Amino acid sequence: MGPVDPLALTVAVEAGAVTEAVHEHCKPYGLTWPVDFASKGSSTVGGNIATNAGGVRVIRYGLTRNWVLGLTVVLMDGTILRMNGSLEKNNTGIDLRQVFIGSEGILGVITETVLKLTTLPRDREVFLFGLSDLGSVFELFEAARKSGMVVNAFECFSQDCLEQVLALRNLSAPFASPCAQYVLLEVERAEGSTVQERLEHWLTGLMESGLVKDAVLAQSEKEAANLWAMREGISESLAHLGLLHKHDISLPIHRLKEFIEVWTRDIDLNYPGLKPYIFGHIGDGNLHVNLMKPESMSVPEFKALCKKADEGMFAWIRKFEGSVSAEHGIGMLKRHLLAYSRSEDEIRLMRQMKQVFDPKGLLNPGKVLPE
Ligand SMILES: Cc1cc2nc3c(=O)[nH]c(=O)nc-3n(C[C@H](O)[C@H](O)[C@H](O)COP(=O)(O)OP(=O)(O)OC[C@H]3O[C@@H](n4cnc5c(N)ncnc54)[C@H](O)[C@@H]3O)c2cc1C
């Protein structure tokens, strides 16, 4: 890794640098590269850029794309493209750098990059709210956005999801009585007692208005980590429970509630054996939707039912102008779904670009583009 530039807020690194190592490298300067998720200890900057990775604080910082200034890419004919250096502004025609970010390695091999940095976030305040229905989740989201606080994360999960985490990790329930929905809200800690008072006033107002059934504000970093564990443990606890059919989708935020309602109604009515679990980054319009195999059902029967249920779900996603993959990409498994989110014209142009950069189709064959 190159030296951190504390004036320009940049660092040049090779594509193989591990994400967490970049964080550690920048920390002594009070800076960070704000691409952050559970696999940061093993993922590489090149992989993050190739997948335009998201993470838990997209609502605050946006996607990886926002944090890449320069990119060096080697093409299949040996051409080395050095794009944009460390320029923040460069309005000189088509920004080729953006074509490679998120292209899942099908156009060229990223070898080096200049990353844009930001100051390390201040300490955090972490709330957990219990709510009686889905509508309240979205009202709370609006209230959080209007509150003037800097929102780092707004995550939502159902009682069904929470129950699995509590059981697997042997944790106590956060509130005396269960709630239909939970929201984990992380905001940046504001300085000064007046601001702190405003935060407490905001919380009291929410409780008094009846919008939230119950709430807790972490009083220490340990408590904050414990609240986060309830959200971060969901994937692992569901995987532990049985065979899961899962998707990582996104929708315009104003369609999320309607989507969740129509999808769960469809599953309840037409696939009564399958249990839906929904959680996700509500603040980014990103849902993790899951169906669990009942113990008594055979794997082939489960897969056939999920395939059928997916057709209905993807039709809704297309209708609501959502995406079949919010952050995990298309890879090989979702190629057949691309047309639900991208038009024929877009797919045709993607094919033409592949032809320009990799005419022999040698880079990541079989990925992204439908057969
Ligand atoms: C526990 C866990 C949590 C995760 N959480 C999130 C999350 O919250 N948000 C999110 O967006 N993602 C998440 N991911 C997925 C995440 O995007 C990837 O793990 C990471 O960004 C990919 O980096 P990698 O180095 O592991 O790449 P790999 O998995 O090795 O590669 C990913 C793709 O990029 C290509 N690629 C890799 N390096 C290059 C390169 N130098 N040049 C060109 N192409 C390249 C590969 O060919 C492949 O197609 C998570 C993954 C795990 C395992």
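**First stop: a hairpin**

Select the hairpin of β3 and β4: 5 residues lie between the strands, and Gly78 there takes a positive phi near 95 degrees. Strands here are DSSP E runs of at least two residues, helices H or I runs of at least four, both numbered from the N terminus. Before moving on, note that this is a predicted model, where local features need pLDDT of at least 70 and side-chain atom pairs count only at pLDDT 80 or more, while totals for chains, interfaces and linings use all residues. Residues are numbered from 1 along each chain as its sequence is written, and side-chain values use heavy atoms, with hydrogens and water left out.

Now colour β3 (residues 68-74) and β4: they pair antiparallel over 4 bridges (pairing takes at least two DSSP bridges). Look for Thr72, opposite Arg82 in β4. Arg82 and Ile80 sit on the uncovered face of β4 (residues 80-83), with Leu81 and Met83 on the covered one.

**Next: a loop glycine**

Jump to Gly16, in the loop between β1 (10-14) and α1 (19-26). Gly16 counts as exposed because its relative accessibility is 55%; the cut-offs are over 50% for exposed, under 20% for buried and partly exposed in between, with a 1.4 Å probe and protein chains only.

Select Asp310 in α11 (residues 299-319). Which histidine side chain makes a polar contact with the side chain of Asp310? That's His245, at 2.7 Å (N or O atoms within 3.5 Å; within protein, one able to donate a hydrogen and the other to accept it, and sequence neighbours count only if both atoms are side-chain atoms). Leaving out residues up to four places away in sequence, Asp310 touches His245 and His247 (heavy atoms within 4.5 Å). Asp310 is buried yet has no salt bridge (a Lys or Arg side-chain nitrogen within 4 Å of an Asp or Glu carboxyl oxygen). The nearest side chain of opposite charge is Lys307, 9.1 Å away; Lys and Arg count as positive, Asp and Glu as negative, with His and chain ends not counted.
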